Amino acid sequence: MLQPVTDDDGAPFWEYAARHELRVQSCAECHTLRFPPRPCCPRCQSFACEWERMSGRGRIWSYVFPHPPLLPDYAAQAPYNAVVVELADAPHIRLVGNVVAGPDAPLNSVDPERLRIGARVQVTFTESGGTTLPRWLLERS
């Protein structure tokens with residue numbers, strides 16, 4: 001499986017994920033949330049940052065079922081989803097991931113018919129290759 005590439009700006013995101021916390025970078029001066037993480041605030045140009053804890057709730061903003069899977073390592077899990085989740089705490093922040101049936105469930109564990117734009121989701125975390133990855137669970141409606 002693919003593993004994220006971390007840099008100095010994004011490393012705290014993965015450190016918090018390892019503690020099962022979903023956090024987003026915030027400007028320490030103007031408090032603007034930003035993702036992906038970067039060294040400078042796009043609003044006020046400050047280099048000071050903090051990491052705000054998010055509720056972990058969101059909505060599916062977009063999704064696809066890659067067909068055929070573009071990478072051979074994922075072929076055995078097809079059909080699987082790739083989603084863009086808009087965070088409830090910060091609707092302008094969107095994270096990419098997968099909707100799964102449980103934290104350690106395979107990528108193809110959710111019936112494609114269950115996904116829809118606007119469906120509510122909650123973050124969960126799983127270990128993969130030494131990295132803790134955020135994934136998404138459908139909330140019961």
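This is a predicted model: local features need pLDDT of at least 70, side-chain atom pairs count only at pLDDT 80 or more; totals for chains, interfaces and linings use all residues.
Local features are described where pLDDT is at least 70, side-chain atom pairs count only at pLDDT 80 or more, and totals for chains, interfaces and linings use all residues. Residues are numbered from 1 along each chain as its sequence is written, and side-chain values use heavy atoms, with hydrogens and water left out.

β1 and β2 are antiparallel partners joined by two bridges; two strands count as paired if DSSP finds at least two bridges between them. The names follow DSSP runs numbered from the N terminus, with helices (H or I) of at least four residues and strands (E) of at least two. Together with β3, these strands form an open, antiparallel sheet of three strands in the order β2-β1-β3. Its edge strands are β2 and β3, each of which pairs on one side only. As background, the strands of a sheet pair through backbone hydrogen bonds, either parallel or antiparallel.

The loops around this sheet hold a few backbone details. H31 sits in the loop between β1 and β2, and its phi is near 65°, a positive value in a residue other than glycine. H20, in the loop between α1 and β1 (23-27), also has a positive phi, about 60°, although it is not a glycine. With a relative accessible area of 42%, H20 is partly exposed; on this scale, buried means under 20%, exposed over 50%, and partly exposed in between (1.4 Å probe, protein chains only).

Now move on to the loop between β2 (33-34) and β3 (49-53), where P36 is found. The peptide bond joining F35 and P36 is cis, with omega about 5°. S46 lies in the loop between β2 and β3 as well. Is S46 buried or exposed? At 12% relative accessibility, S46 counts as buried. Leaving out residues up to four places away in sequence, S46 touches C27, E29, P39, C40 and C41, where contact means heavy atoms within 4.5 Å.

Next comes another sheet. This open sheet has five strands in the order β6-β5-β4-β7-β8, with antiparallel pairing. β6 and β8 stand at the edges with a single partner strand each, so one side of each is left without a neighbour in the sheet. On average, neighbouring strands of this sheet are turned by 40° against each other, direction ignored. Axes here are lines fitted to C-alpha atoms, for helices over the stretch in contact, and angles run from 0 to 180 degrees between N-to-C directions.

You can walk across this sheet bridge by bridge. Four bridges join β5 to β6 in antiparallel fashion, with E86 facing R94 of β6 as its bridge partner. A hairpin of six residues connects β5 to β6. On to the next pair: β4 and β5 are antiparallel over six bridges, and I60 has V85 of β5 as its bridge partner.

The covered face of β5 holds V83, V85 and L87, while A82, V84 and E86 are on the uncovered one. In the loop between β4 (57-64) and β5 (82-87) you will find P79, which is joined to A78 by a cis peptide bond with omega about -5°.

Across β7 and β8 lies α1, running at about 70° to β8. This brings us to the largest pocket, with a volume of about 890 Å³. Of the 33 residues lining the largest pocket, the closest to its centre are W14, V96, G97, N98 and L133. On a 1 Å grid over the protein atoms alone, a pocket is an open set of points where a 1.4 Å probe fits, with protein on both sides within 12 Å along at least five of seven lines; lining residues have an atom within 4 Å of a point. Grid points are joined across faces, edges and corners, and the volume is the space filled by probe spheres set on the points.

Which elements supply at least two residues each to the lining of the largest pocket? They are α1 (11-18), β6 (94-97) and β8 (131-138). The largest share, four residues, comes from β8. By class, the lining has 23 nonpolar, eight polar and two charged residues; Ala, Val, Leu, Ile, Met, Phe, Trp, Tyr, Cys and Pro count as nonpolar, Asp, Glu, Lys and Arg as charged, and the others, Gly among them, as polar.
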